[in-house]
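Subject: Structure handover

Hello,

Here is the structure for you to look at. My notes on what was found in it follow below.

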Amino acid sequence: MSEIEEPKVYFDVGANNGSTSLHLAGNPDWVVYAFEPTPELADHLRHRSRAARNYHVIEKAISDVPGMAKFNVAGQGDWGTSSLLDFNDNIDETWKGRSDFKVTTQIDVEIITLESFCEEHGITRIDHLHTDIQGLDLNAIMSLGKYIDIVRGGDIECSRNHNVKLYKEEKYVLEDVVTYLYQHKFIIEAINPNDDHGVLCTEDSKLWDANELSIWYTRR
C-alpha cells in the first residue's frame with residue numbers, strides 16, 4: 001500500500017468465528033469491522049485479533065429496524081444458525097440431518113443499522129460487504145440507506161425460495177436479492193450453492209439442489 005492510499009474497508013456482518021475476516025487482522029491494507037452479537041463469539045474474535053489495531057469487533061446485531069430484541073442462540077456446531085428469527089416449522093423435512101438447528105438460549109441484543117454505524121464512524125467506503133446473519137441478510141444491506149452507494153462489492157447468503165427457507169419470518173429470498181442488487185447498480189459475479197438439501201456441497205452440486213446460496217456481486 002502506498003503512503004497516499006487509504007486502507008480498504010471490510011464489513012463482516014455476522015462474523016461468527018471470524019472465518020471470513022480474521023485473516024485480514026494485522027493487514028495494513030485493510031480495516032475490518034466485524035459485527036457479531038453472540039457474546040461468546042465476540043469474545044473469540046476479540047481474543048484472536050487482540051494484537052491487530054485494524055480489526056474492530058462490534059457486539060451488536062444488524063437489521064433495518066434498530067432497537068432491542070431477543071436473539072436465538074443456536075449454540076451447537078459452529079453456532080452459525082443463531083438468528084433474530086425463529087426456525088421454520090418444516091426444517092426436519094427441508095434440512096434433513098441437521099441436528100444443530102436448535103435454540104439453546106435466548107439473549108437480549110441491541111440492533112443497529114449500517115447507516116447509523118457509517119454516520120457515527122465516518123465510513124466513506126466499503127470495499128467488501130459480507131453478510132451472513134441468518135434470514136436477515138438483505139435487511140442488513142437495506143439498512144445502509146443512502147450508504148448503499150459507497151459499497152463496491154461483497155457477498156450475501158440467502159435461501160433459494162420460500163419453500164426451503166430456514167426461518168419463519170425470513171422475508172427475502174434469491175429472487176428478491178438479485179432484483180435489489182440489480183436495481184442498485186451491482187453486477188452478479190457468481191451464485192454458488194452452500195448446501196445440498198442440508199448436506200455440504202460438492203463440486204457436482206447444482207443451484208437447484210441447494211436450500212441456501214451465496215451471491216457474489218460488484219459495483220457496475
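This is a predicted model: local features need pLDDT of at least 70, side-chain atom pairs count only at pLDDT 80 or more; totals for chains, interfaces and linings use all residues.

Residues are numbered from 1 along each chain as its sequence is written, and side-chain values use heavy atoms, with hydrogens and water left out.

Backbone

Tryptophan 79 lies in the loop between β5 and α2. Helices (H or I, at least four residues) and strands (E, at least two) are DSSP runs, numbered from the N terminus. The phi of tryptophan 79 is near 60°, a positive value in a residue other than glycine. Lysine 185 is also not a glycine, and has a positive phi of about 70°. Lysine 185 is in the loop between α5 and β9 (186-193) and is exposed, at a relative accessible area of 53%.

Glutamate 157

Glutamate 157 belongs to strand β8 (residues 153-159). A salt bridge is a side-chain nitrogen of Lys or Arg within 4 Å of a carboxyl oxygen of Asp or Glu.

The side chain of glutamate 157 does make a polar contact of 3.4 Å with that of asparagine 194. A polar contact is a pair of N or O atoms within 3.5 Å; within protein, one must be able to donate a hydrogen and the other to accept it, and residues adjacent in sequence count only if both atoms are side-chain atoms. Leaving aside residues up to four places away in sequence, glutamate 157 touches Thr131, Asp132, Asp137, Asn194, Glu212, Leu213 and Ser214, where contact means heavy atoms within 4.5 Å.

Salt bridges

The count comes to 10 salt bridges. One of them joins arginine 46 and aspartate 43, at 2.7 Å from N to O. These two are about one helical turn apart, because they are separated by 3 residues in helix α1 (residues 39-48). Arginine 46 is partly exposed at 34% relative accessibility, and aspartate 43 is partly exposed at 44%.

Aspartate 108 and lysine 70 form another salt bridge, at 3.1 Å from N to O. Aspartate 108 is in strand β6 and lysine 70 in strand β5, so this pair ties together parts 38 residues apart in sequence. Aspartate 108 counts as exposed at 51% relative accessibility, whereas lysine 70 is partly exposed at 47%.

In the salt bridge between aspartate 89 and lysine 168, the closest N and O atoms are 3.3 Å apart. Aspartate 89 lies in the loop between β5 and α2 and lysine 168 in the loop between β8 and α5 (174-183), so the parts tied together are 79 residues apart in sequence. Aspartate 89 is exposed at 64% relative accessibility; lysine 168, at 39%, is partly exposed. Salt bridges with shared partners also join Asp43, Arg46 and Glu59 into one network.

Aromatic rings

The whole structure holds 10 aromatic pairs. Rings of Phe, Tyr and Trp (its six-membered ring) pair if their centres lie within 6.5 Å; planes under 30 degrees apart count as stacked, over 60 as edge-to-face and the rest as tilted. The pair of phenylalanine 35 and phenylalanine 117 is edge-to-face, because the ring centres are 4.9 Å apart and the planes are at 75°. This pair links distant parts of the chain, with phenylalanine 35 in strand β2 (residues 30-35) and phenylalanine 117 in helix α3 (residues 114-121), 82 residues apart. Phenylalanine 35 is buried at 1% relative accessible area, and phenylalanine 117 is buried at 5%.

Phenylalanine 87 and phenylalanine 101 form a stacked pair, 5.7 Å centre to centre with 25° between the planes. Both phenylalanine 87 and phenylalanine 101 are buried.

Regards

Definitions and conventions: Buried means under 20% relative accessible area, exposed over 50%, partly exposed in between (1.4 Å probe, protein chains only).
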